[in-house]
Structures are given as C-alpha cells and as structure tokens.
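Trainee: Could we go through this model together, starting with its interior and then turning to a helix?

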Amino acid sequence: MPKIWTSHKRMENPDHGLRVIPVTALTATLPIIDLGEILMKGNDKQERSSKILIADDSESSRDLLRYILERTGCEVIEAKDGEEAPTRASSIVPDLLILDLNMPGMDGYSVASELRKLPAFAQTPIIALSAGVSHVDPAKLAASGFSTFLPKPIPPAKVRECVAMFLGNADAS
C-alpha cells in the first residue's frame with residue numbers, strides 16, 4: 001500500500017509548553033472516484049439543500065437561526081431588515097421564509113403581504129417571529145399570508161420541527 005500521509009502529533013505539556021511526538025505513517029488503498037457523477041448529483045434537485053431566507057433586524061436572532069438551520073443541512077440566506085427582504089427573496093426564491101414581525105421600515109406583515117402577491121411565493125411557507133407575543137394579532141397574521149407564528153426566544157427543537165413540517169423533508173429534522 002502506498003504511504004499517503006505522514007505527520008507529527010502535537011501535545012501540550014503543562015510544564016514545558018508544546019511537545020511534538022512523531023506519528024507513524026498511515027497507509028490505505030484509495031478508491032477511484034468519478035468526479036462527473038458527484039458533480040451531476042450536485043445539480044439534481046433531489047440532492048440540493050432547502051433554501052431558507054431569514055429577515056430580522058436583530059443580528060443575534062439571525063445568527064441563532066442560522067446556527068440552528070445550517071446544522072440541519074439547510075442553506076440560509078439573510079436579510080437585515082424588511083426593506084431588503086423582498087429583493088433577496090425574489091432573487092433566490094427560497095423554499096421557506098422566516099420573518100420578524102417588528103422590523104424598522106417595512107415590518108414582517110408588509111413583507112409577507114408583498115411577497116404573497118407574487119406567483120413564486122403563493123405557496124411558499126412563511127413563518128412569523130416576534131418577541132412581543134402580546135401584540136400579535138392572529139387575524140392579521142393570516143391576512144398577511146403567514147403560515148404560522150413562533151414566539152421569541154425560540155427553542156432550537158421547535159425551529160427544526162416547524163421547518164421540517166413545512167419542508168416535508170429530512171433537511172430540517
């Protein structure tokens with residue numbers, strides 16, 4: 001078998017700093033990989049990850065949602081406010097949208113209403129988020145075209161469950 005890797009292992013020694021220990025060479029038989037087949041699978045609609053647009057003026061909320069969703073295999077695209085959300089959504093046509101209701105400029109209700117007017121978003125699930133649960137009007141959510149509502153702070157398991165319910169695939173489960 002051919003030698004494919006040789007290295008040294010670094011270990012920390014509390015008394016003397018870093019210590020280098022030689023590691024034996026690893027050997028293996030490498031399989032032949034058909035790169036064309038791998039590239040074609042990447043273009044297969046069944047193989048692609050779900051795209052989710054998150055629009056929230058809170059960077060920490062976007063970061064948390066990105067962290068949760070990327071670990072489930074979803075591709076996450078962000079919009080930092082309601083003004084940016086419709087443009088980003090139209091350019092990428094996500095499989096699902098997560099919109100904060102209380103954003104400066106254009107709020108989540110307005111974004112959802114505007115997107116629902118476009119044929120590409122007629123059936124796209126849209127999840128509403130808000131920390132101000134007492135101010136959320138279920139009738140207004142429905143009239144704006146939201147699919148469901150999640151209160152902040154959002155438990156990661158609830159996000160995954162909700163996204164999996166709407167996407168109907170293994171990406172978010």
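Trainee: How many residues does the largest nonpolar core have?

Mentor: This is a predicted model, in which local features need pLDDT of at least 70 and side-chain atom pairs count only at pLDDT 80 or more, whereas totals for chains, interfaces and linings use all residues. Side-chain values use heavy atoms, without hydrogens and water, and residues are numbered from 1 along each chain as its sequence is written. A nonpolar core is a set of buried (under 20% relative accessible area, 1.4 Å probe, protein chains only) Ala, Val, Leu, Ile, Met, Phe, Trp, Tyr and Cys residues joined through side-chain atoms within 4.5 Å. Leu53, Leu97 and Leu99 are among the residues with the most contacts inside the largest such core, whose residues number 23.

Trainee: Which element supplies the largest share of this core?

Mentor: Helices (H or I, at least four residues) and strands (E, at least two) are DSSP runs, numbered from the N terminus. Of these, β3, β4, α3 (85-92), β5, α4 (108-116) and β6 each supply at least two residues of the core. The largest share, four residues, comes from α4.

Trainee: Where do the buried residues of α2 fall, seen down its axis?

Mentor: The buried residues in α2 are Ser61, Arg62, Leu65, Ile68 and Leu69. Judged by the directions from the helix axis to the C-beta atoms, they fall within an arc of 130°, so they line one face of the helix. On the other side, Glu59 and Ser60 are exposed (over 50% relative accessible area).
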